[in-house]
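Me: I am new to this one and would like a close look at its sheet. Please start with the overall layout, then go strand by strand.

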Amino acid sequence: MGDGFGGGAIFNRASPSSHKSCVDRIIAGYLRPGQPARILDVGGTDRGFRRRATLPPKSRVVIANPEVGVGADYDYVHLIPPKEGNFDLAMIFGVMMYMERDSLLTLLRNVRQRLRGGGILLVAEPDPKSVSGYFDAGLKKIGHSVLNTRKFIFYSKADTTALLLEAGFGETRERDDLRPSLVLPPYYVIAAKNGESGRR
Ligand SMILES: C[S@@+](CC[C@H](N)C(=O)[O-])C[C@H]1O[C@@H](n2cnc3c(N)ncnc32)[C@H](O)[C@@H]1O
């Protein structure tokens, strides 16, 4: 797994992108039927959303991920060239927990810049306020301080909503119906809309 960002992340059962039913619901909820779609998967892999998505011809799923061997098109969002155009839908699933707040805010701003006006960013992260998520976060914190394992930062729904608004998104909505059911730790899903006027 390259530089070790994601561990077993290439097949992360808790992520919506690991389940065809979730991917289908995302497509039905956020893309225009029959129209070619432009999708950005931040921190995605070619075994996730791109593999499961059934999309109209001429659609494109761009993956930005610095991890070696995951089939990314670009390492980082800010390295995506202008020729890729703007995206209808962006996803950032299971990535925020690897990022400090300041670099995360910069990334969210960069993603918003690449969305068309009215475009949607979907965020999915482990919910540290759920019962199992609370214990999972606690164990990871102990692992980091005692065993020097990787540091994870757990953003609650409220933290993420505040970050999205600070990054310039106009409105947010909880979409936990898009996450896989009966998979632990539970992820929450938040949809954030870029203003209709596009770049601000
Ligand atoms: C837990 S995996 C999630 C994989 C996939 N999105 C999913 O839902 O199954 C986290 C991934 O985030 C990627 N990542 C971390 N920081 C990133 C950044 N700044 N930009 C893009 N990807 C990043 C890592 O390389 C890793 O592959």
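What pattern does the protein chain follow, read along the sequence?

Reply: Read along the sequence, the pattern is α-β-α-β-β-α-β-α-α-β-β. This is a predicted model, where local features need pLDDT of at least 70, side-chain atom pairs count only at pLDDT 80 or more, and totals for chains, interfaces and linings use all residues. Residues are numbered from 1 along each chain as its sequence is written.

The protein chain has 5 helices and 6 strands. Both are DSSP runs, numbered from the N terminus: helices are H or I with at least four residues, strands are E with at least two.

Now the sheet. It is open, has 6 strands and mixed pairing, and its order is E2-E1-E3-E4-E6-E5. Two strands pair if DSSP finds at least two bridges between them. Strand E2 (60-64) and strand E5 (171-174) stand at the edges. Each has a single partner strand, so one side of each is left without a neighbour in the sheet. Neighbouring strands are turned by 20° against each other on average, direction ignored. Axes here are lines fitted to C-alpha atoms, for helices over the stretch in contact, and angles run from 0 to 180 degrees between N-to-C directions.

E5 and strand E6 (residues 187-193) run antiparallel, joined by 4 bridges. Glu174 stands opposite Ile190 in E6. Helix H5 (residues 157-166) packs on the sheet and touches strand E4 (115-126), E5 and E6. Contact means that the C-beta atoms of two residues, placed from the backbone, lie within 7 Å. The direction of H5 makes about 20° with that of E6.
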